[in-house]
Amino acid sequence: MTFAWTDFLDLAKNIPKTTEANLRTAISRSYYALFCSARDRLKQSKIEVSSTGDSHIEVPNLYKLSTDYDSLKIAETLARLRILRNNADYDLVFNGDPAVATNAAITRAEKAIVMVHNFPERIIEEIKQKI
């Protein structure tokens with residue numbers, strides 16, 4: 001059975017926002033819902049993506065190869081959410097208000113995932129030509 005990465009976004013939306021740990025978890029899951037969806041969309045189209053930690057830089061960079069608005073927005077959202085996710089997962093003191101960051105992460109991830117799921121093959125072809 002295949003895992004639906006968007007289940008991470010559902011978890012982020014539904015986890016009780018009562019503790020900083022839960023807020024940080026929601027940020028992290030929002031990022032991974034988008035990252036894995038975006039990565040797998042590239043892989044479905046036969047674009048090779050590293051299976052190492054480098055993929056967290058590689059995936060947004062691949063989306064930046066297109067001049068399409070949605071492609072650039074996906075890349076930008078991945079970059080912003082990665083910063084939030086790193087803050088949530090690794091920093092002892094959260095930089096900013098975790099509740100505000102959580103709401104932003106969920107909203108941004110949700111919008112970008114819709115773009116990923118509707119991503120046209122013609123843009124994939126544009127990306128492939130530039131690799």
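Is Ile127 buried or exposed, and what is its relative accessible area? In this predicted model, Ile127 is buried, with a relative accessible area of 0%.

**Ile127**
- Ile127 lies in helix α6, which spans residues 121-130.
- Leaving aside residues up to four places away in sequence, Ile127 touches Ile47, Leu62, Tyr63, Leu65, Ser66, Ser71 and Phe119.
- Two of these partners, Tyr63 and Ser71, also take part in the contact between α3 and α4.
- Ile127 and Lys73 are separated by 54 residues in sequence, and their C-alpha atoms are 15 Å apart in space.
- The accessible area of 0% falls under the 20% cut-off, and Ile127 is therefore classed as buried.

**Helices α3 and α4**
- Helix α3 covers residues 55-63 and helix α4 covers residues 69-90.
- The two axes come within 7 Å of each other and cross at roughly 155°.
- This angle is over 145 degrees, so α3 and α4 are roughly antiparallel to each other.
- The crossing of α3 past α4 is left-handed.
- On the α3 side, the contact is made by His56, Ile57, Val59, Pro60 and Tyr63.
- On the α4 side, the contact is made by Ser71, Leu72, Ile74, Ala75, Leu78, Arg82 and Arg85.
- Sorted by class, the residues of this contact are 8 nonpolar, 2 polar and 2 charged.

**Arg85**
- Arg85 is part of helix α4 and is one of the residues that α4 contributes to the contact with α3.
- Its relative accessibility is 5%, so Arg85 counts as buried.
- Not counting residues up to four places away in sequence, Arg85 touches Ile27, Ser28, Tyr31, Tyr32, His56 and Tyr90.
- Among these partners, His56 belongs to the α3 side of the helix contact.

**Aromatic pairs**
- Across the whole structure, a search finds 7 aromatic pairs.
- One of them joins Tyr31 and Tyr32, with 5.1 Å from centre to centre and 75° between the planes, an edge-to-face arrangement.
- Tyr31 and Tyr32 are both buried, and both are touched by Arg85.
- Phe3, Trp5 and Phe8 are linked into a cluster by ring pairs.

Note on methods
Residues are numbered from 1 along each chain as its sequence is written. This is a predicted model: local features need pLDDT of at least 70, side-chain atom pairs count only at pLDDT 80 or more; totals for chains, interfaces and linings use all residues. Side-chain values use heavy atoms; hydrogens and water are left out. Axes are lines fitted to C-alpha atoms, for helices over the stretch in contact, and angles run from 0 to 180 degrees between N-to-C directions. Helices (H or I, at least four residues) and strands (E, at least two) are DSSP runs, numbered from the N terminus. Angles under 35 degrees count as roughly parallel, over 145 as roughly antiparallel, 65 to 115 as roughly perpendicular and the rest as oblique. A crossing is left-handed if the near helix is turned anticlockwise from the far one by less than a right angle, and right-handed if clockwise. Contact means heavy atoms within 4.5 Å. Ala, Val, Leu, Ile, Met, Phe, Trp, Tyr, Cys and Pro count as nonpolar, Asp, Glu, Lys and Arg as charged, and the others, Gly among them, as polar. Rings of Phe, Tyr and Trp (its six-membered ring) pair if their centres lie within 6.5 Å; planes under 30 degrees apart count as stacked, over 60 as edge-to-face and the rest as tilted. Buried means under 20% relative accessible area, exposed over 50%, partly exposed in between (1.4 Å probe, protein chains only).
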